[in-house]
Amino acid sequence: MSLDTALFTFDDRYARELTGLYEPWQAAPAPAPALLALNRGLAAELGIDPDALASPEGVAVLVGNTVVEGSRPIALAYAGHQFGNYSPRLGDGRALLLGELVDADGRRRDLHLKGSGRTRFSRGGDGKAAVGPMLREYVIGEAMHALGIPTTRALAVVATGERVERETMLPGAVLARVASSHLRVGSFQYAAATGGVELLRRLTDHAIARHHPPAAEADNPALELYRFVVDAQARLVAQWMHVGFIHGVMNTDNTTISGETIDYGPCAFMDAVDLGTVFSSIDHGGRYAYGNQPAILQWNLARLAEALLPVIDTDGERAVAAASEVLRTFVDRYMDAWREILRRKLGVGSTVDEAFLDEVPGRLAEAGVDHTLFFRRLSSAVRGDEGPVRNLFVDVTAFDRWAEAWRTFLPADPAARATAADDMDRVNPLYVPRNHKVEEALEAATSGDLAPFHALVAVVSQPFDERPGLEAHAVPAPTDGAPYRTFCGT
């Protein structure tokens, strides 16, 4: 059996249907590809033999050196608002879509390379990627997946055998990424600006078939697609907020139509609760701070509405009115999702006061407690031991006042309380990718030691299961007063 038929059965539906939204391209040759990390579980989901994928022939495909039958590598075109400023032509400046695969469950998935060299969309960069940022995307994607948050995932990271120039010379790598699609808000912005209604309609029909087929039967398919995206993104950002995740670069070209998290550049997880937390070194004004994320998502969705107006209605005023009505539902959709998750995290029922729920972020921020540990240790309080969570507070009376009200919403029956505590441990993670642990793993990997990286992936892939010997992964780093900073890696 040949490599082509043994490993991949690619389709090129995007390339066939969306001429005008890509450029055919080939990856830059990697002189000495070597597999650094292979996601065997994801490979199995895709119906691919992991051992064959790890072979030299499989690695050659994953790094872009070999193009197999059915694959049609293309660099995707899109526009985007970056930190609020519109760029009419962005696109895959260092990435290629190899094609689409149908996984073991019949779902269509993109296989996409990142760090595969310059394309026509490159804007002065080298198109390459370093080992550290590509492994960061792998570990954060697996953590998000294990937390139940929609996300792109890394199939593999392959060293290229060359060095890339950043502040220093670093070992290069290519990430092979899997996603439900790589359609973005910026894809629609580009189509609307360059191809007019015809291209925009083709893109809309493609997105409907890919992500929301029932919309095709609606009275207004484009509006129904927009409603789907608003709902998916509202639920996604609610999930981000509840694990303390900060994306860091929420540009419209990083906002997906599928509702998956994409592009883990300067992302990080918050330790102490602070609504103003910013990690990205380029977010000087705090536009994408932790507490701003829901509002930014709504802003991005407004830009999607603007792009979709010509296919929502030929009458501009009617199109604006219809899209605005859907966009106004974002806040309620977000708050409904956010409150639903918070009820489960707190172990309380649907009768809990909304005002009580809505005050939680402010109270935690005022106390400055660790986000992950606060919620995880609440289950001990439900079981009768409030010490672990109470000790997180400098002012323990603040916890006592809050807990007095919280207890009134807990089940009264002891057995029901025990069940509630167990349920809380299934939604409140003990392990998230703590920033210092991520940095330790990436620094070691850059120096050639992959053991800490693989250990970290194993930890965050089971975030709810307490395991002996992992205590260091369950606490924040000792603070030295220096703010933690992340970088895009380009």
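Residues are numbered from 1 along each chain as its sequence is written. Because the model is predicted, local features need pLDDT of at least 70 and side-chain atom pairs count only at pLDDT 80 or more, while totals for chains, interfaces and linings use all residues, and side-chain values use heavy atoms, with hydrogens and water left out.

Helices (H or I, at least four residues) and strands (E, at least two) are DSSP runs, numbered from the N terminus. S7 covers residues 108-114, and six of its seven residues are buried, so the rest of the structure largely encloses it. Here, buried means under 20% relative accessible area, exposed over 50%, and partly exposed in between, with a 1.4 Å probe and protein chains only. Two strands pair if DSSP finds at least two bridges between them. On one count, S7 pairs with strand S6 (residues 95-102) in the antiparallel sense, over seven bridges; Ala95 sits opposite Lys114 of S7. The S6 and S7 hairpin has five residues between its strands, and Gly106 there adopts a positive phi near 85 degrees. S7 also runs antiparallel to strand S9 (residues 169-179), with five bridges joining them. In that pairing, His112 has Arg177 of S9 as its bridge partner.

Helix H6 takes in residues 131-146. Its 16 residues should span 22 Å at 1.5 Å a residue, and the end C-alpha atoms are 23 Å apart, which agrees; the expected span is 1.5 Å times one less than the number of residues. As for burial, 13 of the 16 residues of H6 are buried, so this helix, too, is largely enclosed by the rest of the structure. Just past H6, Gly148 has a positive phi of about 85 degrees.

Arg136 belongs to H6 and counts as buried, at 7% relative accessibility. Contact means heavy atoms within 4.5 Å. With neighbours within four places in sequence set aside, Arg136 is in contact with residues including Tyr264, Cys267, Glu439, Tyr484 and Thr486.

Thr252 is found in the loop between strand S10 (245-246) and strand S11 (268-269). Leaving out neighbours within four places in sequence, the contacts of Thr252 include His81, Arg184, Gln189, Trp299 and Arg303.
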